[in-house]
Structures are given as C-alpha cells and as structure tokens.
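Here is a brief report on one protein model.

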Amino acid sequence: MDTPRIAPVTNPSEEVTELFDKARLRAANGSPLNIFGTLAHHPALLRRWMVFATHVLAKNSLPQRDRELLILRAGWRCKSQYEFSQHALIALRSDIDADEVQRTKLPVAEGGWSDHDAALLTAADELHDDACISGATWRTLASRLSDQQMLDVIFTVGNYHVVSFALNSCGVQLDEGVPPAM
C-alpha cells in the first residue's frame, strides 16, 4: 500500500501527547512514530495496548536476540514491511548481524542457524501456520528456556501478528530514515 488508509494523527490530543512523551513513542526528529500516530486515532486502545507491547518489547524474559529473531520472523511471515524494516534496525543492536536479518526470510533449513535459533524461527512459523508450537520444537526450546520464557515466545509472536495486521490493514508507511528491508 503506497498511501495510508488511516493517516497518522498530526495534531494529537493532550492525552495522546502525554502518552507519546511518557512512553517515548517519538522518532529521533521528535515526531510520533507512524504506528503510534495511527493508533492515536483510538487513544484508549493505544494506552491499553502499550502496557502489553511494553512488556513484549522491553520487559520480556527472553534474551534480546531471541526476541528480535521472533519479531523479524513474525513480521516477514505477515508480510509487514513496516514491522520487518523497523526491527531489522533494532536487531542490529541486539547481537544480530545484517546477514542474519536477511536469513530470517529464508526457509529455516536453508538459514544455517544454530539448533536454538532454528527452533525459535520454527516456533514463529508454527504459530503462524498452525496456531501451536509442535512438540519437537517445544522440547528443543524448553531445553534452554524457562516456562516464563516459553510464554514470552508465544506472546511475542502473537503481539507482532496483531501489530502486523494493523500495520498492513491501515497502510502505515515507513518512518523517515527507516529503509525498506523486505
């Protein structure tokens, strides 16, 4: 989609402005990131979703690398240019190199991943395709991850599916300075 179906709010309410400032939802130039500017059309939704999204992105029990591999794969599988491109940049600050970012687009068997990384990507695929992590993938991940971390695997992928649904459906455009990564 070349133009947004719901354009980001350009003159947010006082409530939304306070939320942008409190949660640091702004780009480097001070403008709200397009995802948050779009969700600003529904301040109650934005406020409540941010509680969950903050857990997934900032308070997650998974290592950053694991979290970002899951998010990249979910964004890729959901064909979300915005999500994948934003997190391609975040991944580079999370012990993931540019080649690995690109390899998240490949079939897992072709990516040359460690067993753990392959299981993370497979879990994202299985949740996307079957709404359930298979027994084999669960056992591989559970051999290194706690029950709390296993729940964070599921909810990370789930959150970024919901986010991708909104981004794709609303036509949210890439933020200034974010190169397309798909």
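## A side chain that meets the backbone

The side chain of N34 comes to 3.3 Å from the backbone oxygen of L174. That is a polar contact: a pair of N or O atoms within 3.5 Å, where within protein one must be able to donate a hydrogen and the other to accept it, and residues adjacent in sequence count only if both atoms are side-chain atoms. This is a predicted model, in which local features need pLDDT of at least 70, side-chain atom pairs count only at pLDDT 80 or more, and totals for chains, interfaces and linings use all residues. Residues are numbered from 1 along each chain as its sequence is written, and side-chain values use heavy atoms, with hydrogens and water left out.

N34 sits in helix 2 (residues 34–39). Helices here are DSSP runs (H or I, at least four residues), numbered from the N terminus. Leaving out residues up to four places away in sequence, N34 touches P8, Y82, V172, Q173, L174 and D175. Contact means heavy atoms within 4.5 Å.

## Burial

Buried means under 20% relative accessible area, exposed over 50%, and partly exposed in between (1.4 Å probe, protein chains only). These residues count as buried:

| Residue | Relative accessible area |
|---|---|
| N34 | 18% |
| C78 | 10% |
| C170 | 16% |
| S164 | 0% |

## Cysteines

How many disulfides are there? The count is zero, with a disulfide taken as a pair of cysteine sulfur atoms within 2.5 Å.

## S164 in helix 9

S164 belongs to helix 9 (residues 147–170). Beyond residues up to four places away in sequence, S164 touches A74, G75, C78, S80 and E83. S164 and K79 are 85 residues apart in sequence, yet 7.8 Å apart in space, C-alpha to C-alpha.

## The core

A nonpolar core is a set of buried Ala, Val, Leu, Ile, Met, Phe, Trp, Tyr and Cys residues joined through side-chain atoms within 4.5 Å. The largest one has 47 residues. Within it, I35, F36, L46, W49 and V153 touch the most other members. At least two core residues come from each of helix 1 (14–22), helix 2, helix 3 (43–58), helix 4 (64–77), helix 5 (81–91), helix 7 (115–130) and helix 9. Setting aside neighbours within four places in sequence, V153 contacts L62, L70, L120, A123, L127, I133 and L145.
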